[in-house]
Amino acid sequence: MSSDAATVEDGLRKPLLHTGSWYRMAGMGSRQSSIMGSSAQIIRESISIFLCVFIVALGPIQFGFTCGYSNPTQSEIINDLGLTISEFSIFGSLANVGAMVGAVASGQIAEYIGRKGSLMIASIPNIIGWLAISFAKDSSFLYMGRLLEGFGVGIISYTLSVTIGIMLAYLLGLFLPWRVLAVLGILPCTVLIPGLFFIPESPRWLAKMGLNEDFETSLQVLRGFDTDISIEVNEIKRSVASSTKRTAIRFSELKRRRYLYPLMVGIGLLVLQQLSGINGVLFYSSNIFKSAGIASSKAATFGLGAIQVIVTGITTTLVDRMGRRVLLIVSSSLMSASSLLVAIAFYLGDILSEHTRFALGILSLIGLVVLVIGFSIGLGAIPWVIMSEILPVNIKSLAGSVATLANWLTAWVVTMTANLLFTWSKGGTFLIYSIASIFTVAFVKLWVPETKGRTLEEIQYSFR
């Protein structure tokens, strides 16, 4: 029975989508056609790399589209289906619940069927979810569709591509009704699924599974057919051999100080990231702008999404120049000040005359723009960077899962309560978010180490 079990296990641990002979033939053809001009060769290899990047980026774009969908569609869905604010809040927040489950399952899925396979698996519930939302006649189909979307996108997440997906949802939401927008949500996955057959599997995963021929072929495709990959092949094999020798750590061992401190720093940053209220803004900003008296609330929301994409792109060049702590402190300070500005604008709107409504609307618009800029330059991506740098290798998988779950759980709380809090007091809501960002500044100053240019050993020593 043990040999049968081993056979089943080996059968499971195969790539769902094989690299296949197409690449092998392409590589052979490349070597044989040495008479081919070097410029043509460079163009062909550039197209191959671009194709890989584009197809893989479709997953995170799908993630962003899911996050952004509830923003421009809120009033239409509520009116068409007769939902209450509470019911729509449940709809908006359920993506985070599904993502929690997807995030937990993603590690095992990728372990058994590879990165390409996990992207394929993620696409299926997304497509079903979007169709369920598009044809929904009541809240039950909306809820089911949102959960399925969340599960799918929980498996995939990259910062910049996510912001592009959010911006696309905001842009298309300017022109399209919510049912059509839901149908368009299927497009990234419908392109992703066939596209996965034309890109290589993760070389490291193939090496880990002992599929050496596919591993070398995949790496050759990614590096270029004429590139010498022998040194990198040996490095990856050594890395894989080293990782398989590590002893898995038990959950109870996370209580040891050398593990608990970095884990608490990682969890603290990811929880405070969400308590800043950013998802409440990104999920429902059209409604916030409308309440602030901005006539073209959806256009303002699109502008917010475009700014987020631009600033996130700029931030990727600043992280290693300015350091993590500096950017986090600047980011959280800006978010606290801007949230306070929005809170003041809403409080003044309640006590001043209608003649001031336009000016206060502009004030709240400026506050929300600065809020998104502040988030994008630090608190958006850097907590994930720091978590990957401070966690010891032997607890990285387990501790990373715990911290990610904490992040998704807090995201659910924020997106579930945001609309309800806005109904209670918009000024009070942003005051709460401002206070949370002040706590983030204090947390970073007191407990978060600078990790730029430091080894794991140096970082660990600072925790003593």
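**Close-up views of a pocket and a cavity**

In this predicted model, the lining of the second largest pocket comprises 11 nonpolar residues, one polar residue and three charged residues.

**Figure 1. The second largest pocket and the residues nearest its centre.** The volume of this pocket is about 310 Å³. Its lining consists of 15 residues, and those lying nearest the centre are Cys52, Val56, Ile199, Pro200 and Leu222.

**Figure 2. Helices α3 and α4 at the lining of the second largest pocket.** With four residues, α3 gives the most.

**Figure 3. The largest cavity in the predicted model.** Searching the whole structure for cavities of 30 Å³ or more returns one. The largest cavity has a volume of about 40 Å³. Around the largest cavity lie Phe63, Thr66, Cys67, Ala95, Asn96, Val153, Phe283 and Trp408, which form its lining. Six residues of this lining are nonpolar and two are polar, and charged residues are absent from it.

**Figure 4. Contributions of α3 and α4 to the lining of the largest cavity.** At least two lining residues come from each of these elements. The share from α3, three residues, is the largest. For the second largest pocket, too, α3 gives the most to the lining, there with four residues.

Key
Residues numbered from 1 in each chain as written. Predicted model: local features only at pLDDT ≥ 70, side-chain atom pairs only at ≥ 80, totals over all residues. Heavy atoms only, no water. 1 Å grid on protein atoms, 1.4 Å probe; cavity = no way out; pocket = protein on both sides within 12 Å on 5 of 7 lines; lining within 4 Å. Points joined across faces, edges and corners; volume = space filled by probe spheres on them. Nonpolar A, V, L, I, M, F, W, Y, C, P; charged D, E, K, R; others polar.
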